Amino acid sequence: MSRKLPSVITGTLYLGAAGIITRFLGFFYKVWLGNLIGAEELGIYQLVFPVFSICMAVCGGPFQTAVSRFTAEYQEHDPEKAKCILQLSLIMSCTLSLLCAAVILLFHHSIAAYFLLNERCSRLLPCMVPALPLSAIHNCITGWYYGQKKTAVPAWANLTEQGVRILFVWFLIRSVPDFTVIQVVWALVAGELTSALFTAYCCRTDCRKMYRIFPQQTVSGRILKKSFYEISSMTCPLTANRLIMNLLQSVESVMIPSRLILYGIPENTALSMYGTLTGMALSFILFPTALTGPFSLMLLPDIARASSEHRISYVRKASRLSLSAAFFIGCVFTALFFLFGENIGSLFYPGTLAGSYIRSLSWLCPFLYLNNILTSILHGIGMTSLTFRNQLAGLVLRLAVTVFLVPLFGMNCYFISLLASQVLMCSLNMFSLYCRNSLWQQNVHQKISQEQDFL
């Protein structure tokens, strides 16, 4: 059992290093784009991402999580089943991505006018469509690698994608007379194409090596049906979760400035305060997730494998160690941001409220990082629907405070709502993990008895 923890740590270091480099590249890339196309065109470019995020909530992220979990569960004792999971996920994910692409192509004018509230986005949405199936392929294959705790390919894929975007823009500047925001969307598609081709090539090469060792068998209809059921049972609640979260976050992004205006703040100031919060202060608060995020990704297949092998004591030990590490990291960054938040804001964003916001948001860190780990553990032991309900409860609380209390008490009340929602989600996730641990153990014992009856 002890030999599995180093692979989690090694994978975290790979993804963490790649995530930090990618974030730095992305930061300078946005600064560069702002100088190239101007703040207004850059804002239009950013407006299309809610549509992309909603599409990925349907055909991307949930399949990555499902492939990661089931690959970890089946790879060692049933590699053919793991391969079947990957193939079915690719088919389902790509099919859904093509349906989303068709909807965007048919209704891009309506989406721009009534959802994004900016008709100029209609010229960008069709250009973004090719990125959907490419991103779906990339998500499924990286989930397959996460399930095997092999992170080199996903890490290089993320770096390659960002590097190609930057190089593609540099090439277009020299080749296209009038560089516009449309060429920036082309760079996005070029990055997705490169990462999809890279991960597909690596996956094909690794599959050829792997299935020379394991004898290939014909996949029966029963295995296909069971695999389809397993994928669907996990992706459906995850899809609902991500869809609702994206929609609620979109509503929140509209509501906060309007609520601040009702509080008595001028419109320009309200938009500036919201931009300072989301574009400046939260960037620092979320930066440590470049490490905790990859760790949670690597923890999920490790917990899933231990769960499939009925090693309850290992799940408990790994959960305690992971949560203790996340809480320690959160406390360290809380102290750092609380003590030096004003200095950090003055250094990077002089003349703004960023420093004050960073200090106010510092209390989020322990709960934010704990929730990342708790969600991965619960996904690993099959409690996907519980995480959906817990996150929904936190979002509803935050929106309720935003709608009813921010007009009365201002931005400080919104800070309190952020903290309250994170504390609520963390408490519910802890309750689900520990207080319902007996229910999970009962399911494990039922699986053992079913396997014995089958044999």
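These legends walk through a few close-up views of a predicted model.

Residues are numbered from 1 along each chain as its sequence is written, and side-chain values use heavy atoms, without hydrogens or water. In this predicted model, local features need pLDDT of at least 70 and side-chain atom pairs count only at pLDDT 80 or more, while totals for chains, interfaces and linings use all residues.

**View 1. Phe338 and Trp363 form one of 4 aromatic pairs in the structure.** Rings of Phe, Tyr and Trp (its six-membered ring) pair if their centres lie within 6.5 Å; planes under 30 degrees apart are stacked, over 60 edge-to-face, and the rest tilted. Here the centres are 5.4 Å apart and the planes stand at 55 degrees, so the pair is tilted. Phe338 is partly exposed at 29% relative accessible area, and Trp363 is partly exposed at 45% (buried is under 20%, exposed over 50%, partly exposed in between; 1.4 Å probe, protein chains only).

**View 2. Tyr357 meets Phe415 edge-to-face.** Their ring centres lie 5.2 Å apart, with planes at 75 degrees. Tyr357 is in helix α13 and Phe415 in helix α17 (residues 411-435), 58 residues apart (helices are DSSP runs of H or I, at least four residues, numbered from the N terminus). Both Tyr357 and Phe415 are buried.

**View 3. Thr71 sits in helix α3 (residues 61-74).** Thr71 is buried, at 0% relative accessibility. Its side chain reaches the backbone oxygen of Val67 at 2.6 Å. Beyond neighbours within four places in sequence, Thr71 is in contact (heavy atoms within 4.5 Å) with Ala82, Trp144, Gly147 and Gln148.

Methods
Helix = DSSP H or I, 4+ residues; strand = E, 2+ residues; numbered from the N terminus. Polar contact = N/O pair within 3.5 Å; in protein donor to acceptor, adjacent residues only side chain to side chain.
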